[in-house]
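I opened the notebook to go through this model step by step.

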Amino acid sequence: MATQQILEVEPQAGAGASSLASRWQLDRRYLPVLGTLVVLVLMLVIGGSRYENFLSGRVMANLLINNSFLIVLAVGMTFVILTGGIDLSVGAVVALSTCLSAWMFTRGWSAAIAIPASILVGTLIGYLVGLMVHVFEIQPFIATLAAMFLARGLCYLVAPESIPITDPTIVALSQTRWGTADGLVITPSGVVALVVVAVAFVLLHYTRFGRTVYAIGGNEQSARLMGLPVARTKVLVYVISGTCAGLGGFLFAVFSRSGYSLTGIGMELDAIAAVVIGGTLLTGGSGFVLGSVLGVAVLGLIQTIITFEGTLSSWWTKIVIGALLLVFVVLQRLLVVRRR
Amino acid sequence: MSSPDPTPPPAGAPAPAPAPVAAGERRFSLGALVRHRLFWPLVALVVLLVASVVKSPQFLQVTVLDGHLFGGPVDILRRSAVLLLVALGMTLVIATRGIDLSVGAVMAIAGAVALTQIAASPSPDSVTTVTTAILSALVVCLVIGVFNGFMVSVVGIQPIVATLVIMTAGRGIAMLITGGQITTVNSGPYKTLASGFWLGLPVAALIAAFFFAVTAFVTRRTALGVLIESVGINPTASRLAGVRARTIIWIVYVLCALFAGIAGILQSSNIMAADSNNAGLFIELDAILAVVIGGTSLAGGKFSLTGTLVGVLVITTLTLSITILGIPVSAVSLFKALVVIAVCLLQSPVVRHKMRARRRAQAAVPVEVAA
């Protein structure tokens with residue numbers, strides 16, 4: 001699906017061009033994303049040729065299902081990074097959100113209250129971060145770091161130990177599977193992730209808010225001088241990222257069916273890595289939410305290939321992700337240099 | 001009673017404010033004191049120490065036992081060593097507008113290299129083995145530092161992304177070195193680094209103090225400090241002025257990795273094990289925090305090593321005080337968050353501006369009354 005949408009976007013870039021040659025000339029903005037796509041296809045080809053059943057619907061469906069929360073996090077992170085900020089708090093907010101919903105279920109609260117509350121706690125933390133960044137002019141790195149400590153500390157207060165979730169709604173959500181018998185299935189979590197991606201895509205590319213996000217990332221001063229609502233947008237991107245983290249926490253609660261204060265350690269790095277591999281520049285202003293989805297797919301595929309290989313130790317995941325990050329940032333850098 | 005105690009940093013904040021009005025002629029000096037960059041971090045430190053002493057009166061007592069000094073302050077110094085070393089390098093990197101996220105992973109690698117070598121050697125207790133192991137660990141760290149510096153200064157990648165590479169891959173590399181296990185050794189000389197005493201003081205604290213002093217001397221008594229600040233304030237302008245910005249940036253990343261390596265050796269010597277997953281986990285965040293609490297801006301430019309020292313002491317004391325006050329250790333991050341938010345808010349330009357405006361208003365009132 002991700003591939004399709006990128007291809008749909010491309011003709012727009014060259015729409016004004018009359019000759020066929022220049023119509024097929026790619027906009028440079030898409031080069032990083034295309035690089036990610038090439039890597040993804042290469043990994044699929046290599047995996048498919050080396051292992052049986054690698055290219056099966058089941059593996060691909062699991063890729064989406066197991067990474068649904070990471071997709072949601074990466075989408076939120078894309079908004080923040082596009083404005084030139086960063087959000088280190090998402091991993092801790094995921095933990096807080098799962099802990100909070102688990103705690104509410106032990107109190108016998110219904111899912112109708114617990115699920116919105118666990119998502120809104122992320123919104124609230126995102127709002128606080130936005131205020132710190134915008135009103136008090138604290139650097140995003142430090143503000144979200146504080147939020148990360150805050151959320152992690154609150155986790156321990158809410159759930160010092162792992163709390164199992166036995167709520168029927170959550171259990172039902174985690175067991176529901178729609179699809180065909182041959183493994184091509186989708187879970188409610190996967191659907192939520194896809195909906196979030198679609199909403200984010202529309203928000204970023206077809207609304208004034210989205211254009212403002214890109215404008216702030218390009219040059220905040222100019223955006224302000226152009227009369228764009230910089231203040232509101234800057235707070236809003238952190239609210240979006242926080243909400244996505246809260247939603248990711250809910251998906252993680254469905255996935256793990258327990259609330260534990262140590263979940264999601266380092267998840268913010270996975271999200272940032274996915275965004276960077278997906279071709280978004282950390283300086284802001286350039287990148288696509290679909291690229292981030294591709295980034296998550298690459299990270300997930302590395303994990304899948306290492307599982308299929310069987311003999312490789314788990315630490316190779318980290319080394320390969322690091323190496324891929326290296327290749328991508330150097331490539332992006334080269335592209336930027338050539339553009340100048 | 002335990003929980004309200006550590007809150008005074010934010011709650012106590014307004015308390016010193018009325019003092020200038022009451023103190024009359026001392027108003028000016030007190031105002032300057034309050035405005036000092038390190039005033040609020042120091043207040044936080046004092047509040048933490050006072051809270052600890054109230055809870056356990058013998059906290060600040062230093063006793064001599066077997067010719068070594070023991071007690072709260074010595075403990076704080078010993079525990080600060082690792083963070084101080086990391087924060088020292090981080091201060092220099094941040095002063096050049098950079099950031100180094102890889103320090104935690106570098107610590108893990110340093111510990112892994114050193115301990116794997118000692119474990120493989122037939123004579124783990126010989127000083128030569130330990131020295132070789134430490135030197136080879138530091139060489140590996142040097143290479144990582146050169147790599148980070150190359151990525152930032154030559155390739156021109158943003159520091160946060162460039163160091164993210166090693167941050168992600170580093171722990172994997174450390175596990176590759178130890179074979180995925182937690183390597184443990186028994187080595188007298190190596191253990192001395194973190195647990196030993198020299199002249200009655202903990203060796204770890206002395207090592208950290210030595211590197212602090214050397215860094216302070218080199219940056220403040222030679223031109224290096226000014227050059228680093230000039231690169232941080234405006235890389236292009238400093239290059240045009242003849243400063244080798246590229247070399248300076250390269251140097252600070254190498255130094256940062258080296259300091260992180262030494263910290264990793266101290267840390268692994270403390271537990272006598274190389275735990276690739278947990279060695280220096282999140283220390284990059286603590287180090288950045290210490291630097292920011294110390295008043296060095298993440299936007300680069302002017303840096304303060306003394307400020308970093310205070311920041312490190314605040315973080316270490318906070319962790320120790322929380323244990324003393326009987327609050328579960330797991331809640332440390334909550335208090336860290338409160339301290340960060342409080343200190344950052346007090347240092348933020350908006351709040352400082354408001355406070356200055358209020359102080360001016362306060363100063364104006366007595367004049368009218370007198371007239």
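**Entry 1: confidence**

I noted at the start that this is a predicted model. I looked up the scores for the complex: the predictor gives an ipTM of 0.76 and a pTM of 0.81.

Next I took the chains one by one. For chain A the average pLDDT is 85, and 90% of the residues score at least 70. I marked residues 1–21 of chain A, where the pLDDT is below 50. That stretch has 15 contacts in the model beyond near neighbours in sequence.

Chain B averages a pLDDT of 82, with 88% of the residues at 70 or above. Here I marked residues 1–26, where the pLDDT is below 50. Beyond near neighbours in sequence, this stretch of chain B has 31 contacts in the model.

**Entry 2: chain B overall**

I looked up the elements and found 17 helices and six strands in chain B. The chain has 371 residues, and 50% of them count as buried. I then checked contacts with a separation of 6 or more: in chain B, 77% of these are between residues 24 or more positions apart.

**Entry 3: H6 against H8 in chain B**

How are H6(B) and H8(B) packed, and at what angle? Helix H6 covers residues 103–120 of chain B, and its axis lies 8 Å from that of H8(B). The angle is about 15 degrees. Since that is under 35 degrees, H6(B) counts as roughly parallel to H8(B). The crossing of H6(B) past H8(B) is left-handed.

I listed who makes the contact. From H6(B) the residues include B:Ala105, B:Ile109, B:Ala112 and B:Thr116. From H8(B) they include B:Ile166, B:Gly170, B:Arg171 and B:Ala174. By class, the contact has eleven nonpolar residues, three polar and one charged.

**Entry 4: the side of chain B that touches chain A**

I looked up the contact between the chains: 37 residues of chain B meet 36 residues of chain A. In chain B, the elements giving two or more residues to this side are H8 (159–178), H14 (283–293), H16 and H17. H8(B) gives the largest share, 13 residues. I also noted the classes on this side of chain B: 27 nonpolar, eight polar and two charged.

**Entry 5: B:Ser348**

I found B:Ser348 in the loop between helix H16 (332–347) and helix H17 (349–370) of chain B.

I then asked which residues B:Ser348 touches, leaving aside neighbours within four places in sequence. The contacts of B:Ser348 are A:Phe136, A:Glu137 and A:Ile138. I also took one distance: B:Phe335 is 13 residues from B:Ser348 in sequence and 19 Å away in space, C-alpha to C-alpha.

**Entry 6: B:Ser121**

B:Val74 is 47 residues from B:Ser121 along the chain, and their C-alpha atoms are separated by 34 Å.

How values were computed:
Residues numbered from 1 in each chain as written. Chains lettered and ligands numbered in written order. Predicted model: local features only at pLDDT ≥ 70, side-chain atom pairs only at ≥ 80, totals over all residues. Helix = DSSP H or I, 4+ residues; strand = E, 2+ residues; numbered from the N terminus. Contact = placed C-beta atoms within 7 Å. Nonpolar A, V, L, I, M, F, W, Y, C, P; charged D, E, K, R; others polar. Buried ≥ 20, exposed ≤ 12 C-beta atoms within 10 Å, placed from the backbone. Axes fitted to C-alpha atoms, helices over the stretch in contact; angles between N-to-C directions. Parallel < 35°, antiparallel > 145°, perpendicular 65-115°, else oblique. Left-handed = near helix turned anticlockwise from the far one by under 90°. pLDDT = per-residue confidence, 0-100.
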